[in-house]
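Visitor: Could you walk me through reading helix packing and strand pairing? Let's start with how handedness is assigned.

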Amino acid sequence: MRDFDQTEQQSSRQLVLEVDGTPLHGGASAGYTVQAVLDSFDDAERKRLARLRDAIGPAVGIVDSHFDDTPMLLGQLGFTPCRIAGEDLGGSERKLVVISCPHRHTRLDHEDTRRFLDRGGILISSDRAIRLPGISTYLKHLSGRGPARARLLMEAGTDYPAQPPVWLDPGHLPIDPTSLSTRMSSVLASNALTGEPLVVHVHAAGGGIVHSVGHWLQIPDESALTSVERRPLRDVPHFRHAGNSYPGISLGGFLAQRSMVELLIQGIEAVLEPEGPVEQSRMERGK
């Protein structure tokens, strides 16, 4: 099993109680699950991620991630998270900046965001970051809702043995679908239960915004998993190698995080390569 940062172990490890390999209370820590996801990548997926790191550079900016631990996630993906202030975004030299589910006092000015995007910058956001002026200029939201569970219908499709679950936090702000029709945008994933967009990318100026209603770092409610999702990962042939290397991970928790990592990669690619497979698929449907 691959070693992981001792601080992460101490801060997010949870006790896992199992019966025949099925977690009953709590579950594997988020950081532990991310490592299992990366170890499950095949050679093509590893090369995609390496290409993104080369295109963006190792350092990425973090404006705020009060409720969504994207610095940890991006660190495990091989980037170096560096804190920057929201008011410094306009002058930032970073190619990619993240502002994920921020504190209510966080500010992101429209003009600073526009200057960043004009230079070809990529802004990654999640959940309530959509209400900030710098993002709401390009992407509108509906009224806040209570906690919910969604099932991801991913644009690119998967060969997963079950449809990935995704947890939406209390007060999450759904994307207003009408704001997607007025700009060059794509829905990367929607909620299979409601049809609502969950992960989108919007081209803006020379860059773009990749936004997710759910948190990029998924922390599943293990008690809400279905009987299929509670299966130990090692019992699923497609992911047996990762399951054997990372015991205590359920299929549902694993698929939730793996799908979000895949969508993050797809979203960044969609901004860097606007004529890529996802964008071409969207345009073909509109013919």
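Guide: A crossing is left-handed if the near helix is turned anticlockwise from the far one by less than a right angle, and right-handed if clockwise. Helices (H or I, at least four residues) and strands (E, at least two) are DSSP runs, numbered from the N terminus. This is a predicted model, where local features need pLDDT of at least 70, side-chain atom pairs count only at pLDDT 80 or more, and totals for chains, interfaces and linings use all residues. Residues are numbered from 1 along each chain as its sequence is written, and side-chain values use heavy atoms, with hydrogens and water left out.

Visitor: In which hand does α3 pass α8?

Guide: α3 passes α8 in a left-handed crossing. Axes are lines fitted to C-alpha atoms, for helices over the stretch in contact, and angles run from 0 to 180 degrees between N-to-C directions. Here helix α3 (residues 43-56) packs on α8 at about 50°, the axes being 11 Å apart. That makes α3 oblique to α8, given that under 35 degrees counts as roughly parallel, over 145 as roughly antiparallel, 65 to 115 as roughly perpendicular and the rest as oblique.

Visitor: Which residues of α3 meet α8?

Guide: Contact means heavy atoms within 4.5 Å. On the α3 side we find E45, R48, L49, L52, A55 and I56, and their partners in α8 include R258, E262 and I265. The residues of this contact split into 7 nonpolar, 1 polar and 5 charged. For those classes, Ala, Val, Leu, Ile, Met, Phe, Trp, Tyr, Cys and Pro count as nonpolar, Asp, Glu, Lys and Arg as charged, and the others, Gly among them, as polar.

Visitor: At what angle do the axes of α2 and α8 cross?

Guide: Helix α2 (residues 30-39) and helix α8 (residues 251-272) cross at roughly 65°, with axes coming within 9 Å. That makes α2 roughly perpendicular to α8. The crossing of α2 past α8 is right-handed. T33, V34, A36 and V37 in α2 touch G253, F254, Q257, R258 and V261 in α8, a set of 5 nonpolar, 3 polar and 1 charged.

Visitor: How many residues of α2 are buried?

Guide: Buried means under 20% relative accessible area, exposed over 50%, partly exposed in between (1.4 Å probe, protein chains only). For α2, 10 of its 10 residues are buried, among them Y32 and D39.

Visitor: And the strands: in which sense do β7 and β8 pair?

Guide: Two strands pair if DSSP finds at least two bridges between them. Strand β7 (residues 148-154) pairs with strand β8 (residues 165-168) in the antiparallel sense over 4 bridges, with R149 opposite W167. β7 also pairs with strand β9 (residues 185-191), again antiparallel, over 3 bridges, and there L153 faces S190.
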